[in-house]
Amino acid sequence: MLGFYFVLVFVGILIAYAGYEETMKLFAFADLQVRYAFVRLQMKWMGWKLKRQLIKDTTNFEKFLKEYDK
């Protein structure tokens with residue numbers, strides 16, 4: 001319950017200092033930053049998965065080339 005009061009006071013101070021519009025812009029900016037962090041994390045996971053798949057496909061392709069040359 002104490003944490004809720006701290007957040008409420010913090011938002012109240014932000015609104016008193018910068019105004020309602022600027023406070024909402026700050027929250028929108030924070031929201032976009034969090035979303036962008038998740039997108040970057042997903043891109044990193046996709047990159048690792050793609051790299052593993054390409055390594056596996058390269059070895060299969062090299063085997064195919066050896067059999068094709070015979």
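This is a predicted model: local features need pLDDT of at least 70, side-chain atom pairs count only at pLDDT 80 or more; totals for chains, interfaces and linings use all residues.
Student: At what angle do H1 and H2 pack?

Tutor: Two packed helices are described by the angle between their axes and the distance between the axes. For H1 and H2, the axes are 7 Å apart and the packing angle is about 125 degrees.

Student: Is H1 parallel, antiparallel, perpendicular or oblique to H2?

Tutor: The angle between H1 and H2 is about 125 degrees. Roughly perpendicular covers 65 to 115 degrees and roughly antiparallel begins over 145. H1 is therefore classed, relative to H2, as oblique.

Student: Which residues of H1 and H2 make the contact?

Tutor: The contact involves residues of both helices. H2 contributes Tyr20, Glu22, Thr23, Leu26 and Phe27. From H1 come Val11, Leu14, Ile15 and Ala18.

Student: Which side chain meets Lys25 in a salt bridge?

Tutor: Side chains of opposite charge can pair when their charged atoms come close. The N to O distance is 3.7 Å, and the partner is Glu22.

Student: Is Glu22 buried, partly exposed or exposed?

Tutor: Glu22 belongs to the contact between H1 and H2 and also to the salt bridge with Lys25. Buried would require under 20% relative accessible area, and exposed over 50%. Because its relative accessibility is 43%, Glu22 counts as partly exposed.

Student: What is the N to O distance in the salt bridge of Asp31 and Arg35?

Tutor: Asp31 and Arg35 both lie in helix H2, 4 residues apart, about one turn of the helix. The count of salt bridges comes to 2. In the one that joins Asp31 and Arg35, the N to O distance is 3.3 Å.

Student: How is Asp57 placed, and what separates its C-alpha atom from that of Val39?

Tutor: Asp57 is found in helix H2, residues 20-69. With 37% relative accessibility, Asp57 counts as partly exposed. Val39 lies 18 residues from Asp57 along the chain, and their C-alpha atoms are separated by 26 Å.

Student: What is the area of the nonpolar surface patch that includes Leu8?

Tutor: Leu8 has its place in helix H1, residues 2-18. The patch is made by Leu8 together with Met1, Leu2, Phe4, Tyr5 and Phe6. Its area is about 750 Å².

Note on methods. Residues are numbered from 1 along each chain as its sequence is written. Side-chain values use heavy atoms; hydrogens and water are left out. Patches are made of residues with over 30% relative accessible area and no salt bridge: like charges are joined within 9 Å, nonpolar side chains (Val, Leu, Ile, Met, Phe, Trp, Tyr) within 5 Å. Accessible areas come from the Shrake-Rupley method with a 1.4 Å probe; for residues, only the protein chains shown count as cover. A salt bridge is a side-chain nitrogen of Lys or Arg within 4 Å of a carboxyl oxygen of Asp or Glu. Helices (H or I, at least four residues) and strands (E, at least two) are DSSP runs, numbered from the N terminus. Buried means under 20% relative accessible area, exposed over 50%, partly exposed in between (1.4 Å probe, protein chains only). Axes are lines fitted to C-alpha atoms, for helices over the stretch in contact, and angles run from 0 to 180 degrees between N-to-C directions. Angles under 35 degrees count as roughly parallel, over 145 as roughly antiparallel, 65 to 115 as roughly perpendicular and the rest as oblique. Contact means heavy atoms within 4.5 Å.
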